[in-house]
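Reader: I'd like to learn how to read strands and pockets in a model like this one. Could you walk me through it?

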Amino acid sequence: MNSLTQAQKQTLLDNFRNIKPAMLAGIQQNLRICSEKGDATPDAPFGPGPKAALLDALEQAEKLGFRTCNIDDKIGYAEIGSGAEMVAVLGHLDVVPAGDGWESEPYGAECRDGVLYGRGSLDDKGPTVGALYAMKAIADSGIPLKRRIRVIMGTDEECGSACVAHYLKTRQEMPVAGFTPDADFPAIFCEKGILRFEIGCEIPAEGQDIQLEGGVASNVVMPSLSLTLPASCALPLRAGSDVEIQQDSHTVRYQFTGKSAHASTPELGINAGYLAANFFQDTRLSQDIDQMFAFIREKLHDETNGKSLGIAYRDGDTGSLTLSMGCVYRRDNMRCLTLDLRYPPACDAEKIEQAIRESARPYGLKILSRKQAEPLYIPKDSALIQTLMGVYRDVTGDQAEPIAIGGGTYAKAFPNMVAFGPLFPGEKDVIHQPNECVEVEKLLKSVEISMLAMTELANGQI
């Protein structure tokens with residue numbers, strides 16, 4: 001599947017080596033922009049931060065000499081080459097909230113002992129901005145390209161991917177093949193389907209003065225939860241290893257601390273919602289909270305496979321169904337929690353929903369909303385997978401096979417696109433966690449692989 005001569009490959013690698021310092025500086029520049037989703041304004045549809053990150057990346061691309069396009073401050077791209085067809089790298093510049101527990105400034109982009117710290121260093125600013133500089137190395141190589149290469153940069157991936165929906169709605173050109181550097185190496189032939197449920201119940205009069213809040217995003221294992229009661233109905237104070245109790249003349253606040261993890265790998269986290277439900281097992285709070293905590297204890301049960309809900313499933317090729325509780329909050333007069341499920345292609349999403357609905361009903365809870373992303377599956381012997389695997393094996397010497405993951409990426413938005421990098425096998429996954437970071441050399445190696453893959457897709461059989 002390799003279309004590059006050894007001389008062409010060496011030219012690319014020489015160009016890449018020369019541009020590394022500018023690449024790292026460009027990545028750090030974008031990391032210093034807090035691009036968490038904010039309130040929409042007429043000229044910033046996802047808030048000022050995501051827009052600023054997009055404008056910065058497009059400005060960097062223009063300085064590198066690329067054609068650029070800003071599509072209504074929602075998504076943009078940079079492009080090189082000519083030809084009727086186009087291949088793409090699809091990344092995103094928005095980030096999940098920084099949250100607590102950082103030992104470095106989340107948006108400081110500090111390099112320390114060969115490690116780059118910052119929200120987005122891995123997910124996904126590092127690989128995305130890096131791809132711009134990889135494209136510069138390709139442009140300067142003089143290698144003829146049969147297809148154009150485009151780096152597409154979205155700004156709402158973490159909150160529903162409305163940016164890519166806008167790309168499709170405005171009828172932008174579709175790539176004939178591509179990848180998103182927003183997951184793991186080697187090439188990912190399958191992404192499980194995603195189901196997100198909002199479950200809740202009405203808040204009775206007795207629960208109106210009780211505040212219950214937890215989580216940072218629906219796709220993150222809940223790292224903390226707080227329950228605040230009026231001092232007049234305070235409970236007996238009792239210690240717990242995972243709870244901190246604060247009291248003043250007006251309120252008593254119980255703060256539970258767990259450990260965040262991505263919802264696709266919930267077994268790596270400790271869910272603060274489970275800690276709270278267990279702590280208050282023998283305590284009367286209010287009907288809505290008591291019911292919710294009972295549901296958490298008895299049906300979620302600190303499990304990550306949905307066994308107590310009757311939805312556990314495992315496929316030998318594409319893995320197990322996973323379940324994660326992400327947030328609890330109040331919406332209007334409803335007490336809500338969110339569930340995030342990642343399911344293999346062979347699962348029936350309608351049966352999963354039915355099982356959850358029936359399990360929630362005895363606790364006075366009902367499904368308030370549902371969001372779904374279908375599974376992605378590209379055959380392992382396809383030209384796309386074989387091309388990406390050829391590049392990965394050549395660079396790393398690792399003869400691994402393509403993999404399936406629970407994470408959902410932008411790849412689902414386009415045909416003939418898969419996730420590819422940036423995490424190497426065995427590398428610690430700190431995406432969506434405090435102290436998100438990446439070893440600089442590993443980040444640069446992942447971008448080098450992207451560069452070679454982009455060139456191969458632009459010239460090879462796909």
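Author: Gladly! Let's start with a pair of strands: β17 and strand β18 (residues 334–343) are joined by eight bridges and pair in the antiparallel sense. Keep in mind that this is a predicted model.

Reader: What holds such strands together in general, and which residue stands opposite Leu-323 in β18?

Author: The general idea is that strands of a sheet pair through backbone hydrogen bonds, in either a parallel or an antiparallel way. Here, Leu-323 has Leu-341 of β18 opposite it, and Ser-324 faces Asp-340 in β18. β17 and β18 form a hairpin with two residues between them. In that turn, Asp-332 has a positive phi of about 60°.

Reader: Which strand joins β18 through 10 bridges?

Author: That is strand β10 (residues 193–202), which runs antiparallel to β18. Leu-195 stands opposite Leu-341 in β18.

Reader: How many residues of β17 and of β18 are buried?

Author: Buried here means under 20% relative accessible area. In strand β17 (residues 322–331), seven of the 10 residues are buried, so the strand is largely enclosed by the rest of the structure. For β18 the count is 10 of 10. Met-334, Cys-336, Thr-338, Asp-340 and Arg-342 point one way from β18, while Arg-335, Leu-337, Leu-339, Leu-341 and Tyr-343 point the other way, and all are buried.

Reader: Now the sheet with β24: in what order do its strands lie?

Author: The order is β4-β5-β24, in an open sheet of three strands with antiparallel pairing. β4 (111–112) and β24 are at the edges with a single partner strand each, so one side of each has no neighbour in the sheet. Two bridges pair β4 with strand β5 (residues 115–117), and Arg-112 stands opposite Val-115 in β5.

Reader: Which helix packs on that sheet, touching β4, β5 and β24?

Author: Helix α9 (residues 440–459) does, and its direction makes about 80° with that of β24. Helix α1 (residues 6–31) lies across β4 and β5, at about 25° to β5.

Reader: And pockets? How much space lies in the second largest pocket?

Author: Rolling a probe the size of a water molecule over the atoms shows where empty space is left. In this model, the second largest pocket holds about 330 Å³. It is lined by 18 residues, and Lys-428, Asp-429, Val-430, Asn-435 and Cys-437 are the closest to its centre. Strand β24 (residues 437–439) gives the largest share of the lining, three residues. By type, the lining has seven nonpolar, three polar and eight charged residues.

Technical notes
Residues are numbered from 1 along each chain as its sequence is written. This is a predicted model: local features need pLDDT of at least 70, side-chain atom pairs count only at pLDDT 80 or more; totals for chains, interfaces and linings use all residues. Side-chain values use heavy atoms; hydrogens and water are left out. On a 1 Å grid over the protein atoms alone, a cavity is a set of points where a 1.4 Å probe fits but cannot get out, and a pocket is an open set with protein on both sides within 12 Å along at least five of seven lines; lining residues have an atom within 4 Å of a point. Grid points are joined across faces, edges and corners, and a volume is the space filled by probe spheres set on the points. Helices (H or I, at least four residues) and strands (E, at least two) are DSSP runs, numbered from the N terminus. Ala, Val, Leu, Ile, Met, Phe, Trp, Tyr, Cys and Pro count as nonpolar, Asp, Glu, Lys and Arg as charged, and the others, Gly among them, as polar. Two strands pair if DSSP finds at least two bridges between them. Contact means heavy atoms within 4.5 Å. Axes are lines fitted to C-alpha atoms, for helices over the stretch in contact, and angles run from 0 to 180 degrees between N-to-C directions. Buried means under 20% relative accessible area, exposed over 50%, partly exposed in between (1.4 Å probe, protein chains only).
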